[in-house]
Amino acid sequence: MKKLKWGVIGAGGIADRRTIPGMMLADNAELVAVMDTADGVAEKVRAKYNAKYAYTDWNELLANPEVEAVYIATPVFVHKEQVIAAANAGKHILVEKPVCLTAEEGDEVLALCREKNLLLGAGFLMRFSSSHRKMREFIAEGGLGQVVSVRAQFSCWYPKMDGAWRQSKALGGGGALMDMGIHCIDLIQYITGSTVKRVGAFCSTNVFDYETEDQAAVIMALDNGAFALLDTNFNIPDDSQKARLEIYGTKGSILAEGTISQVDGGNIEILLAEDKGYDAQQERSSADAATFDLEYGNMYTREIESFGRSVLEGTPLESPAEEAIQVQRIIEAAYASSENGTISVL
């Protein structure tokens with residue numbers, strides 16, 4: 001099998017913890033080069049995964065003719081510069097979310113990649129969850145009837161820390177909503193097959209003393225008539241929240257915990273009920289719970305293999321940058337709603 005030869009820009013952090021281990025399991029991927037500016041990190045990661053090259057300058061990695069595609073996992077404020085450099089070097093690009101600091105910058109780099117006939121994918125890892133893929137399929141087949149309501153929750157504990165770029169608007173573009181809520185908004189649209197058209201939000205820094213929001217609550221109206229609710233926080237201890245995702249339709253519901261995660265898994269209940277007409281007593285007897293028969297695996301491996309197929313075989317990108325940029329526009333509309341006290345229309 002032909003393998004896509006990868007370089008990794010920003011080899012510490014999530015790349016070393018999750019993505020590169022997933023890449024090593026991918027049938028169509030070969031790790032060639034790694035780059036990181038932190039002292040000693042690139043060489044350490046190179047040795048750990050037996051890559052051929054280690055760099056501290058991304059331009060040197062991009063100049064390597066053996067590298068065919070790059071995975072960019074650096075802080076958001078350097079994404080634009082690095083994507084432009086990678087495109088000018090003729091590399092296909094998978095960049096972590098958000099694509100750039102703003103949707104406008106995202107449009108710029110996407111236009112450049114299209115001009116050069118290069119693929120630009122976004123790191124919406126959770127699209128590659130077994131659970132989320134099955135939910136999407138089940139809903140597309142009419143399993144829940146008409147979707148009318150969605151709720152998503154994704155939070156963590158992220159106290160003030162020196163050098164934490166997610167706590168600076170200039171470096172991260174936003175806080176809890178931009179970093180964690182972005183996954184939920186993408187999943188709401190991806191799983192339901194519907195697009196957000198109106199947004200209302202409250203964002204604030206309530207517990208910690210930093211610049212970006214440590215909590216956000218968002219309500220969205222979808223083009224299929226459904227409403228979606230999202231809450232995302234940097235001020236809730238990790239072990240006290242369940243990362244819930246609930247989808248309700250005219251035939252029943254899907255209730256999930258722990259599927260919004262970096263690990264493929266979680267618990268799912270499917271509750272389907274017959275329409276028995278109006279019950280004035282409102283006496284509810286819960287429907288028998290079912291679940292999906294799923295085969296869990298490594299979501300990062302699926303992500304890398306999927307991007308590789310798009311480059312090598314011409315299959316459509318499963319997580320294209322244009323969809324990530326559209327999600328970022330929703331987030332920017334949510335910030336505007338919170339600041340202005342109005343409903344934002346997209």
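Residues are numbered from 1 along each chain as its sequence is written, and side-chain values use heavy atoms, with hydrogens and water left out. Because the model is predicted, local features need pLDDT of at least 70 and side-chain atom pairs count only at pLDDT 80 or more, whereas totals for chains, interfaces and linings use all residues.

Helices (H or I, at least four residues) and strands (E, at least two residues) are DSSP runs numbered from the N terminus, and two strands are said to pair if DSSP finds at least two bridges between them. Strand E1 (residues 4-9) and strand E2 run parallel and are joined by six bridges, with Gly 7 having Ala 33 as its bridge partner in E2. Between these two strands the chain passes through helix H1 (residues 14-24), and this β-α-β crossover is right-handed, a term that applies if, with the strands pointing away from the viewer, the path from the first strand over the helix to the second runs clockwise. E2 is also joined by three bridges to strand E3 (residues 53-55), again in the parallel sense, and here Ala 33 stands opposite Tyr 53. Together with helix H2 (residues 41-49), E2 and E3 make a right-handed β-α-β unit. Strand E2 (residues 29-35) is mostly covered, since six of its seven residues are buried, where buried means under 20% relative accessible area, exposed means over 50%, and partly exposed lies in between (1.4 Å probe, protein chains only).

**Antiparallel strands E12, E13 and E14**

Strand E12 (residues 252-257) and strand E13 (residues 267-272) run antiparallel and are joined by six bridges, among them the one in which Ser 253 has Leu 271 as its partner in E13. E13 also pairs with strand E14 (residues 289-290), in the antiparallel sense and over two bridges, and Ile 270 stands opposite Ala 290 in E14.

**Aromatic pairs**

The structure holds six aromatic pairs; rings of Phe, Tyr and Trp (its six-membered ring) pair if their centres lie within 6.5 Å, and planes under 30 degrees apart count as stacked, over 60 degrees as edge-to-face and the rest as tilted.

Tyr 53 is partly exposed at 25% relative accessible area, while Tyr 55, at 14%, counts as buried. Trp 157 lies in the loop between strand E7 (147-155) and helix H7 (169-172), and Phe 208 in the loop between strand E8 (196-204) and strand E9 (215-222), so their pair ties together parts that are 51 residues apart in sequence. Trp 157 is partly exposed at 39% relative accessibility, whereas Phe 208 is buried at 13%. Ring pairs link Trp 157 and Phe 208 with Tyr 210 into a cluster.

The expected span of a helix is 1.5 Å times one less than its number of residues. Helix H5 (residues 103-115) has 13 residues and should therefore span 18 Å, which agrees with the 18 Å between its end C-alpha atoms. Its buried residues include Val 109, Leu 110 and Leu 112, and what covers the buried residues of H5 includes helix H4 (79-88), strand E5 (92-96), strand E6 (120-123) and H10. After H5 comes Asn 117, whose phi is positive, near 60 degrees.

Helix H10 has 20 residues and reaches 28 Å from its first C-alpha to its last, close to the 28 Å expected. Among its buried residues are Ile 325, Val 327, Ile 330, Ile 331 and Tyr 335, and the buried residues of H10 pack against H5, E6, helix H8 (176-192), E8, E9 and strand E15 (344-345). H10 is followed by Gly 341, which has a positive phi near 70 degrees.

**Ser 337**

Ser 337 lies in H10 (residues 321-340) and, at 4% relative accessibility, counts as buried. Contact means heavy atoms within 4.5 Å, and, not counting residues up to four places away in sequence, Ser 337 touches Val 199, Gly 200, Ala 201, Thr 342 and Ser 344. The side chain of Ser 337 also reaches the backbone oxygen of Thr 342 at 2.6 Å.

Conventions. A polar contact is a pair of N or O atoms within 3.5 Å; within protein, one must be able to donate a hydrogen and the other to accept it, and residues adjacent in sequence count only if both atoms are side-chain atoms.
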